[in-house]
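Here is a short report on one protein chain. Have the sequence and the model open as you read.

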Amino acid sequence: QLEALWTRRLVYTDDHFSSVAVWARPGEWEISAAAVARITMTSLRNRVKMSSLLAYLRTDALHPKDDHWYLEFLGTVPESQGKGLGGKVLAPVLEQADAEGLPVWTWSSNRRTLGFYHRQRFDVLDELPFAKGGPAIFPLRREPR
């Protein structure tokens, strides 16, 4: 486990840094206006699709009101996908959420990842359009065991 460089985030990686999960603890998922501005500027400089950026920025309204763990980001380098690394970096917090009796919330804008999330016991709550011609977004929730 590595403490993230930004406030109130946990980062879990595999041994080779091929997969990473970024988590916000219950009650700490909201990001400041300054952070939103930095994310926006960095995204625009790096030519992130505007529809993807809008999807990210508009997720605040989708968050549940009850206490929950928030999976802010999960990624695995392409050559390491399909090897169980995503599940490995999720496991510590999923186990903690179960022990605390708390749900986990996240979202995906990639339909191909929904099978992975289903195997981790997440339920797809909806399919929402976020921008004209942009990707759909899928809010996901995992109830505790």
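At 16% relative accessibility, Arg141 counts as buried. Buried means under 20% relative accessible area, exposed means over 50%, and partly exposed lies in between (1.4 Å probe, protein chains only). This is a predicted model, in which local features need pLDDT of at least 70, side-chain atom pairs count only at pLDDT 80 or more, and totals for chains, interfaces and linings use all residues. Residues are numbered from 1 along each chain as its sequence is written, and side-chain values use heavy atoms, with hydrogens and water left out.

**Confidence**

pLDDT is the predictor's confidence in each residue, from 0 to 100. The protein averages 83, and 78% of the residues score at least 70. Residues 1–6 fall below 50. Beyond near neighbours in sequence, that stretch has 13 contacts in the model. A contact means heavy atoms within 4.5 Å.

A salt bridge here is a side-chain nitrogen of Lys or Arg within 4 Å of a carboxyl oxygen of Asp or Glu. Side chains of opposite charge can pair when their charged atoms come close. How many salt bridges does the structure hold? There are seven. The table lists three of them, including the one made by Arg141.

| Salt bridge | N to O distance |
|---|---|
| Arg25 and Glu28 | 3.8 Å |
| Arg111 and Glu127 | 2.6 Å |
| Arg141 and Glu143 | 2.5 Å |

Arg141 and Glu143 also belong to a salt-bridge network with Asp66. Glu143 is partly exposed, at 37% relative accessibility. Arg25 is partly exposed too, with a relative accessible area of 25%.

Now take Glu127, which forms a salt bridge with Arg111. This pair links distant parts of the chain, 16 residues apart. Glu127 sits in the loop between β6 (123–124) and β7 (128–129). Arg111 sits in the loop between β5 (104–108) and α4 (114–119). Helices (H or I, at least four residues) and strands (E, at least two) are DSSP runs, numbered from the N terminus. Glu127 is partly exposed, at 41% relative accessibility.

**Strand β8**

Is β8 enclosed or open? Seven of its seven residues are buried, so β8 is largely enclosed by the rest of the structure. Both of its faces are covered. Ala136, Phe138, Leu140 and Arg142 are buried on one side. Ile137, Pro139 and Arg141 are buried on the other.

Which strands pair with β8? Two strands pair if DSSP finds at least two bridges between them. β5 runs antiparallel to β8, joined by five bridges. Within that strand pairing, Trp105 has Arg141 as its bridge partner in β8. β6 pairs with β8 in the antiparallel sense over two bridges. Asp123 stands opposite Arg141. β7 and β8 are antiparallel as well, with two bridges. There, Pro129 has Ala136 as its bridge partner.

**Nonpolar cores**

A nonpolar core is a set of buried Ala, Val, Leu, Ile, Met, Phe, Trp, Tyr and Cys residues joined through side-chain atoms within 4.5 Å. The largest one has 20 residues. Trp23, Trp69, Leu90 and Val104 touch the most other members. The elements giving two or more residues to this core are β2 (9–13), β3 (19–24), β4 (69–76), α3 (85–100), α4 and β8 (136–142). α3 gives the most, with five residues.

What does Val104 touch? Not counting residues up to four places away in sequence, Val104 touches Trp23, Trp69, Leu94, Ala97, Phe122, Leu140, Arg141 and Arg142. A second, separate core has six residues, among them Trp29, Trp105, Trp107 and Ile137.

**Aromatic pairs**

A pair of aromatic rings is described by the distance of the centres and the angle of the planes. Rings of Phe, Tyr and Trp (its six-membered ring) pair if their centres lie within 6.5 Å. Planes under 30 degrees apart count as stacked, over 60 as edge-to-face, and the rest as tilted. By this rule there are four aromatic pairs. The rings of Phe116 and Tyr117 have centres 5.4 Å apart and planes at 75 degrees, so they are edge-to-face. Tyr117 and Phe122 also pair edge-to-face, because their centres are 5.4 Å apart and their planes stand at 80 degrees. Both Tyr117 and Phe122 are buried, with Tyr117 at 6% relative accessibility. Phe116, Tyr117 and Phe122 form one aromatic cluster.
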